[in-house]
Amino acid sequence: MKLVQLSDPHVREPGVLAYERVETAAYLERAVNALNQLVPRPDAVVVSGDLTDFGTPAEMRTARQLLDRLACPYVVLPGNHDDPAVMLAEFADYGLPGEVSLDLGICWRFDLGGVQVVGLDSTVPGEAHGNLGKARLDWLDATLSASAAIPTLIFLHHPPFATGIPHMDRQNLRDGDQLYAVLRRHSHVSHVACGHVHRAIETCIAGIPTSIAPAPAHAVALDTRSDATPQFYLEPPAVRLFYSTGTALLSHVVFLENYAGPYPFFDAEGRTLSR
Ligand SMILES: [Fe+2]
Ligand SMILES: [Fe+2]
């Protein structure tokens, strides 16, 4: 099982720059092209929110047109920059996988190669921060209770932990404690994967590996000063790749640009290349 998490493309209409600097539609187009050439080929892609920058129908249409070029199936979750209603309208004919609960926002689950994949809508209308609330947590609890005890990977946009970047931590998931109170009851939860911060970050909460994905376009500056100004860098675009070996669920950071290589370590006789 090879599952790519692509998070926070923040697509604007083609030719329009996000923050007067980043042509995010072009970045997503290059990301899609890179994923289509990835070896091993991913089985599916989860787009974990902030597909758009301003949540408009035109931006969502652009995002979908670019994502439709993926060579493998993909699924979407909303982020705080998206309008879930606009997302549902744009993807109405696309179909979401497995069991879907749209009265809770956009929540879904499906099985992929021996791994259960669960998506939770963590958005709060009109707010930048995230919150799951009792109804979604009850759905998660029931979903995990009803499913086979196979390794389970959970996606949501807002991270349930503080990253040390103050202006982002003010808008993370507000009810992370309640989320992990549910997850503690289900020993088959293997990983919680988030977006929102545009940086590759890993931690462990209640014994469960928990991560944030890097972004395919701009990265939030790593600035932990209490008065840090919200800023971004154009760091190497990247995604997270979840890879199940059958005995372990691994997480790789995969960079998306063209880099020199691959170069061999050994010559034709198996000797280490050296001079
Ligand atoms: Fe974002
Ligand atoms: Fe976000």
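Predicted model: local features only at pLDDT ≥ 70, side-chain atom pairs only at ≥ 80, totals over all residues.
**Entry 1: the donors.** I started at the iron ion (ligand 2) and looked up its protein donors. I found Asp50 through OD, Asn80 through OD1, His157 through NE2 and His196 through ND1. They lie 2.1 to 2.2 Å from the iron ion.

**Entry 2: the geometry.** I then checked the angles among the four donor atoms. They run from 90 to 160 degrees, and the site is irregular. A tetrahedral site would need all angles between 85 and 135 degrees, so 160 degrees rules that label out.

**Entry 3: the sequence.** Next I looked at how the donor residues of the iron ion (ligand 2) are spaced. The pattern reads D-x29-N-x76-H-x38-H. Asn80 and His157 link distant parts of the chain, 77 residues apart. I placed Asn80 in the loop between β3 (74-77) and α3 (84-90). His157 sits in the loop between β7 (152-156) and α5 (166-169).

**Entry 4: buried or exposed?** I looked up both residues of that pair. Asn80 has 18% relative accessibility, so it counts as buried. His157 is at 0%, so it counts as buried too.

Entry 5: Which residue bridges the iron ion (ligand 2) and the iron ion (ligand 1)? I found that Asp50 does. The two ions lie 3.4 Å apart.

**Entry 6: His186.** I moved on to the loop between α6 (176-183) and β8 (189-194), where His186 lies. His186 is buried, because its relative accessible area is 9%. Leaving aside residues up to four places away in sequence, His186 touches Asp141, Leu144 and Ser145. With Asp141 I noted a polar contact, side chain to side chain, at 2.6 Å.

Conventions: Residues numbered from 1 in each chain as written. Chains lettered and ligands numbered in written order. Heavy atoms only, no water. Donors = N, O, S within 2.8 Å, 3.2 Å for Na, K, Ca; no water. Tetrahedral: all angles 85-135°; square planar, octahedral: opposite > 155°, others 65-115°. Helix = DSSP H or I, 4+ residues; strand = E, 2+ residues; numbered from the N terminus. Buried < 20%, exposed > 50% of the residue type's maximum accessible area, 1.4 Å probe, protein only. Polar contact = N/O pair within 3.5 Å; in protein donor to acceptor, adjacent residues only side chain to side chain. Contact = heavy atoms within 4.5 Å.
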